[in-house]
Structure formats: C-alpha cells, structure tokens
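The stops below are given in the order in which to select them.

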Amino acid sequence: LICGLARHEWQLNNEQVTLNKKLGEGQFGEVHKGKLKTSVFTPPVIVAVKTLHQNHLSANEKILFLKEANVMLTLAHPNVIKFYGVCTMKEPIMIVMEFCDGSSLEDVLLSKESKVSSEDKILYLFHAACGIDYLHRKHVIHRDIAARNCLLNSKKVLKISDFGLSVKGVAIKERKGGCLPVKYMAPETLKKGFYSTASDIYSYGALVYEVYTDGKTPFESCGLRGNELRKAIIGKSVILTIDVECPEFVKAIFEQSRLYDTEQRISSKRIIEIFKEEAGMHELD
Ligand code: ADP
C-alpha cells in the first residue's frame with residue numbers, strides 16, 4: 001500500500017493507537033474516541049480516530065491521500081483540527097486527529113434545547129474564517145466547508161475539520177449515495193469542477209446562511225435537488241438570501257462571498273479584517 005513512499009513521521013504503528021467509544025459515523029468509516037501513545041515518557045494523548053473503509057478508495061487514491069497527509073501534519077492552528085498521523089500497516093487505514101470535546105456546529109444550530117446567541121454566531125463565523133484563512137495561506141483548499149464540518153469544543157472554539165480528505169475532489173465524489181454537496185458548491189465547481197480558495201469562500205457563504213437560519217440547509221425550500229438544482233445555480237435562477245435578522249456587516253460578507261465572479265468574491269483575509277473592525281474580534285494564539 002505504501003510502496004513508493006518513504007516512511008514518514010505521520011505513519012503511526014497500530015500499537016500506538018487505542019480505540020474507545022464510537023463518536024459517530026463518517027462518510028468513509030467510523031469515528032472513535034481513542035488514545036495515542038507518542039512516547040514512553042509522556043501520557044497518551046486523547047484523540048479522535050477516523051477509520052477509512054478500504055472499498056471506498058482505490059490504491060491510487062490511497063497513495064494520493066497519504067501524500068496529502070504529509071501536508072496535513074505541518075498544519076497547526078487553533079481553528080483547525082490538528083492531524084497527528086495515519087496508521088497504514090493494517091486495513092482499515094486510521095486517521096488520528098485532535099479530539100474535540102463538543103458537537104458539530106450543525107448539531108448546535110439544530111439543537112431544540114438552546115439557541116445560539118448573536119455573540120456566539122459572530123464568534124463561530126469569525127473562527128471559521130480564521131481557520132479557512134490559515135488553510136488558504138498553507139495552500140490547502142478545503143472543498144467541503146459546511147456547518148457539519150465545523151466542530152466546537154467546550155471552550156466555544158470552532159475548529160475546521162475534514163480538510164485535505166477530499167483529495168482533488170475524489171473523496172467528495174465518494175459520498176454516501178454518490179451525491180455531491182451541490183447546495184454548498186460554487187457555480188464554477190458545479191460547472192467545470194474548479195476548486196479554489198474562492199470556491200471555499202462561496203461555501204463559507206452557505207455556512208453564514210446556516211448560522212443565521214438555525215441550521216437550515218441552503219436551497220432547502222426551493223424545491224429543486226441534484227442536477228436540477230445544479231443547473232439552477234449555474235443559470236442564476238436560484239439565489240440564496242438571508243431573510244432573517246442578521247447584522248449588516250455579516251450580510252455584506254455573505255453577499256460578497258456569494259458573488260458569481262470568483263475575482264470579485266471576498267477573501268478570507270478581508271472577512272477577518274471586517275470581523276475585527278465591526279465586532280472587535282481577536283484571533284486566538
Ligand atoms: P464525515 O464528514 O466523514 O461524514 P465526520 O467528520 O462528520 O464524518 O464525523 C462523524 C462524527 O464524528 C461527527 O459528527 C462528530 O460527532 C464526530 N467527530 C469527527 N471528528 C471528530 C473530532 N476530531 N473530535 C470529536 N468528534 C469528532
């Protein structure tokens with residue numbers, strides 16, 4: 001499996017990883033809470049372990065994924081889930097990452113028990129922009145920005161997860177039922193399969209929409225799905241609007257992130273500046 005690739009720091013031994021409670025079902029396999037032993041001198045680290053079902057990726061795609069792992073290991077930012085490494089010795093492949101002791105932003109938005117406050121909405125969107133900006137500075141395009149891929153910890157820190165898994169769009173095509181996340185995708189991606197930092201920003205706009213509509217899925221009420229929706233987005237016959245109470249500056253960010261022309265679309269850098277200017281936000285160390 002790993003022929004042609006030298007052994008890297010991110011290649012962990014199965015003996016280093018212990019699987020505990022199942023946390024959820026992922027697109028490629030299961031997610032467990034677990035422990036990672038890094039040295040005999042230090043206590044094990046609590047981690048989240050994602051298993052990758054072998055039949056989901058071809059041998060070539062696995063090599064691509066492992067190469068991508070090299071990039072992921074160099075990433076370190078408070079708003080991005082830390083990647084520790086992969087176990088490739090036995091099937092299924094296991095991806096070992098930072099454990100987040102909270103729920104996904106989607107679950108929090110959809111929760112019937114408590115509403116997300118206006119302050120927290122701004123905080124989460126600011127954190128998401130900081131995480132995306134960091135990834136973009138590292139030349140990583142996420143390709144699947146959505147509330148379900150943002151995790152929150154108990155200290156209200158949002159962390160972007162699932163980055164780098166969608167190697168050249170391969171993983172996205174492998175979704176359950178073979179359907180693409182059309183509702184979140186930029187017109188240029190729907191049209192020609194182009195992914196860029198700008199297409200991530202377009203999806204960030206969908207995230208803003210989710211946050212202000214208590215977790216509504218974009219285009220849910222337009223009655224179109226799949227290929228019909230794809231055509232409607234490309235042909236501009238449907239557009240996403242926020243018709244609920246939302247600060248003006250957030251609405252402006254939303255509108256500028258949803259522009260059809262990628263050149264005109266707002267950057268993550270500018271989004272961060274606006275949050276700092278308008279809401280006095282500070283980046284985490
Ligand atoms: P996929 O995007 O492949 O469908 P997810 O990344 O959403 O899979 O994982 C499924 C579930 O596992 C999530 O909803 C979340 O509850 C849990 N999970 C995933 N990653 C972590 C993590 N790093 N820390 C804690 N829980 C996690």
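Start with K50, which the UniProt annotation "binding site" covers in an unreviewed entry. UniProt positions are given in the numbering used here, feature names are shortened, and annotations may be inferred rather than shown by experiment. Residues are numbered from 1 along each chain as its sequence is written. This is a predicted model: local features need pLDDT of at least 70, side-chain atom pairs count only at pLDDT 80 or more, and totals for chains, interfaces and linings use all residues.

K50 sits in strand β4 (residues 45–52); strands are DSSP runs of E, at least two residues, and helices are runs of H or I, at least four, numbered from the N terminus. K50 counts as buried because it has 24 C-beta neighbours inside 10 Å; the cut-off for buried is 20 or more other C-beta atoms within 10 Å, with C-beta atoms placed from the backbone. Now select G26, G29, V31, M94, I95 and M97, the contacts of K50 once neighbours within four places in sequence are left aside. Contact means C-beta atoms, placed from the backbone, within 7 Å.

Next, show the open sheet, ordered β1-β5-β6-β4-β3-β2 with mixed pairing. β1 (11–12) and β2 (17–25) are at the edges with a single partner strand each, so one side of each has no neighbour in the sheet. Strands pair if DSSP finds at least two bridges between them. β1 runs parallel to β5 (residues 83–87), joined by two bridges. Select Q11 to find V86 of β5 opposite.

Finish at helix α8 (residues 248–257), where V250, I253, F254 and S257 are buried.

Notes: Buried ≥ 20, exposed ≤ 12 C-beta atoms within 10 Å, placed from the backbone. Contact = placed C-beta atoms within 7 Å.
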